[in-house]
Amino acid sequence: MEYKDYYKIMGVKKDATQEEIKRSYRKLARKYHPDVSKEANAETKFKEVGEAYEVLKDPEKRAAYDQLGSQWKAGQEFHPPPGWDAGFEFSQTGDGGPDLGGFSDFFEALYGRGFRTAGGPGRSSRSFRMRGEDHHAKVMVDLEDSYSGATRSITLQVSGLDENGRIVTRPRTLNVRIPKGIRRGQQIRLAGQGGSGHGGGEAGDLYLEVEFNPHNRYSVEGADVYLDLPLAPWEAALGATVKVPTPAGAVDLKIPPGSQTGKKLRFKGRGIPARQPGDLYVVLQIVLPPANNEKQRQLYEQMKQGFSFNPRAGMEA
């Protein structure tokens, strides 16, 4: 998948005002509209311009895209970094836009799911009171917080326009309770922390979608947690009882004799403590000690002589 430079597609500078972006879109949309354009690639260009405008017309999407785009150039191989959009607060505001017949894979990878409002549209009544819009944001939390629950100070970036029509962001800091047992992709609802209501209507809600910070020990799949556990060859061959770190504290694990690299041992119910607790899987990884001196090399030579062992048996042509 290639990175798309929406500013280049629109023919505007990166510091263009929203009015400049709108004028450029109108010009290009007229030029490439399939019903009137005689360009051979008019339909493709029309879709590209419409997709670029869908991002750049929206201060929230544009601010997140600008942060991402500082690291990429048009045409480069692209995969969105994990949590690339974390910390940006988004509303559901939008003015529709052209019927593009589907966005590119690049757009869908960035905006296909995470930028849709979590709580549904605002509601109004016959007295013209209107509920404020629901907002949403992705937030990064530690896996350990899911095990015990926590209260954390989280700062979001709220995007808007200044008096010159250029993008500005301001920080918004909230104290957020991280519920015990929350999983990746689940949401924390903060009532009344979304958009302001109109005509005396109540404020909308803010939905925080949880993503876990990368961890140097654990990986997570649903409610299950995985740990790669290094073992010495003699521990794997002879069996041993070893201390294993878990997000909830160290536990003893019995290694069966004759264990191999890749073998999974399960601690039932020791994954994320949700309503249906996940499991903790320990994946064994045999690590060879180095032979840095003559005595250590002799020990390996004794093993070579003492075992009739060919790990490639059966692979000969």
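1. Leaving aside neighbours within four places in sequence, Arg-170 is in contact (heavy atoms within 4.5 Å) with Leu-156, Gln-157 and Val-158. Arg-170 sits in strand β4, residues 167–178; helices (H or I, at least four residues) and strands (E, at least two) are DSSP runs, numbered from the N terminus. With a relative accessible area of 49%, Arg-170 is partly exposed; buried means under 20%, exposed over 50%, and partly exposed in between, with a 1.4 Å probe and protein chains only.

2. Basis of the values. This is a predicted model, in which local features need pLDDT of at least 70 and side-chain atom pairs count only at pLDDT 80 or more, while totals for chains, interfaces and linings use all residues. Residues are numbered from 1 along each chain as its sequence is written, and side-chain values use heavy atoms, with hydrogens and water left out.

3. Overall make-up. The protein has eight helices and twelve strands. Of its 317 residues, 39% are buried. Among contacts between residues at least 6 apart in sequence, 62% join residues at least 24 apart. The protein exposes about 19,000 Å², of which carbon and sulfur atoms supply 48%; accessible areas come from the Shrake-Rupley method with a 1.4 Å probe, and for residues only the protein chains shown count as cover.

4. Nonpolar cores. A nonpolar core is a set of buried Ala, Val, Leu, Ile, Met, Phe, Trp, Tyr and Cys residues joined through side-chain atoms within 4.5 Å. The largest has 36 residues, and Leu-208, Leu-229 and Leu-253 have the most contacts inside it. Apart from this core lies another, of 29 residues, among them Leu-28, Val-55, Ala-63 and Phe-88. Not counting residues up to four places away in sequence, Leu-208 touches Ala-137, Val-139, Leu-156, Val-176, Gln-186, Gln-187, Ile-188 and Leu-190. In soluble globular proteins, nonpolar side chains tend to be buried together.

5. Strand β7 (residues 218–221) and strand β8 (residues 224–231) run antiparallel and are joined by four bridges; two strands pair if DSSP finds at least two bridges between them. Tyr-218 has Leu-227 in β8 as its bridge partner.

6. Hairpin of β9 and β10. Strand β9 (residues 240–244) pairs with strand β10 (residues 251–255) in the antiparallel sense, over five bridges. Val-244 has Val-251 in β10 as its bridge partner. This hairpin has six residues between the strands, and Gly-249 takes a positive phi near 125°.

7. Salt bridges. A search of the whole structure finds 14 salt bridges, each a side-chain nitrogen of Lys or Arg within 4 Å of a carboxyl oxygen of Asp or Glu. Lys-138 forms one with Asp-85, the closest N and O atoms being 3.3 Å apart. This pair links distant parts of the chain, 53 residues apart: Lys-138 is in strand β2 (residues 135–141) and Asp-85 in the loop between α4 (59–69) and β1 (88–90). Lys-138 counts as buried because its relative accessible area is 14%, and Asp-85 because its value is 4%.

8. Further pairs. Arg-297 and Glu-294 meet in a salt bridge at 3.3 Å, N to O. The two residues are three apart in helix α8, so about one helical turn separates them. Both ends are partly exposed, Arg-297 at 41% relative accessible area and Glu-294 at 46%. Elsewhere, salt bridges that share partners join Arg-131, Asp-134, Arg-189, Glu-202 and Asp-205 into one network. Within it, the closest N and O atoms of Arg-131 and Asp-134 are 2.9 Å apart. Arg-131 is buried at 10% relative accessibility, as is Asp-134 at 0%.9. Surface patch. Met-303, Phe-307 and Phe-309 form a nonpolar patch on the surface, with about 390 Å² of accessible area together. Patches are made of residues with over 30% relative accessible area and no salt bridge, like charges being joined within 9 Å and nonpolar side chains (Val, Leu, Ile, Met, Phe, Trp, Tyr) within 5 Å. Phe-307 lies in the segment after α8 (294–306) and counts as exposed because its relative accessibility is 56%.
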